[in-house]
Amino acid sequence: MKILQLIIFVIFNSVLISCDYAKKASQDTSTANWENGDLSDSQNSVIDSIKKELPIDIDELTTLVDISKDHNTINYRYNVKNTPEQALLLPTTIDTIRQKLLNAYCEDNKEMNELKKDFPDGINYHYDIDNKEIIIIELKSIDCKEK
């Protein structure tokens, strides 16, 4: 009889412990969902505020025409005018653009730090000529450490 009581006691405690772990996992999931929702709200706020200003002339050749997000990455889409596709595809041109974007992305200032926090997977810059995507430059926080 004592063995039966001991078995029932062990089974009962196992069930209680399982319920406690299940509850804890559920709470962790809801916390993660809240944090993801909070991050998503912050991302949407950034994107919506910029979208209201579009299009934005960056310089005489480049206009920011769209901004979007893909998970935790922000995407900027630029229209390039008065530039042949071949000129944009030159390795020296791509390196120059990438270096300027990287320098700005790696700056240690409030705005860029907030952007990196809101979009932890990085930034993609899409450059189009005549509505055709020519190059994409992808930057991630790790790029700043390698710089």
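How does C144 count at 23% relative accessibility: buried, partly exposed or exposed? In this predicted model, C144 counts as partly exposed because its relative accessibility is 23%, where buried means under 20% relative accessible area, exposed over 50%, and partly exposed in between, with a 1.4 Å probe and protein chains only. Since the model is predicted, local features need pLDDT of at least 70 and side-chain atom pairs count only at pLDDT 80 or more, while totals for chains, interfaces and linings use all residues. Residues are numbered from 1 along each chain as its sequence is written, and side-chain values use heavy atoms, with hydrogens and water left out.

Because C106 sits in the loop between α3 (91-105) and α4 (110-118) while C144 belongs to helix α5 (residues 141-146), the pair ties together parts that are 38 residues apart in sequence. Helices (H or I, at least four residues) and strands (E, at least two) are DSSP runs, numbered from the N terminus.

Turning to the strands, five of them form an open sheet in the order β1-β2-β3-β4-β5, with mixed pairing; two strands pair if DSSP finds at least two bridges between them. The edges are β1 (56-57) and β5, each of which pairs on one side only.

Strand β4 (residues 122-129) has partners in both β3 and β5. With strand β3 (residues 73-80), β4 pairs in the parallel sense over seven bridges, and I74 stands opposite I123 in β4. With strand β5 (residues 132-139), the arrangement is antiparallel, again joined by seven bridges. Here N124 faces E138 in β5, and D128 is set opposite E133. The two strands make a hairpin with two residues between them, and D130 in the turn has a positive phi of about 50°.

Helix α3 lies across β4 and β5, running at about 45° to β5. Contact means heavy atoms within 4.5 Å; axes are lines fitted to C-alpha atoms, for helices over the stretch in contact, and angles run from 0 to 180 degrees between N-to-C directions.
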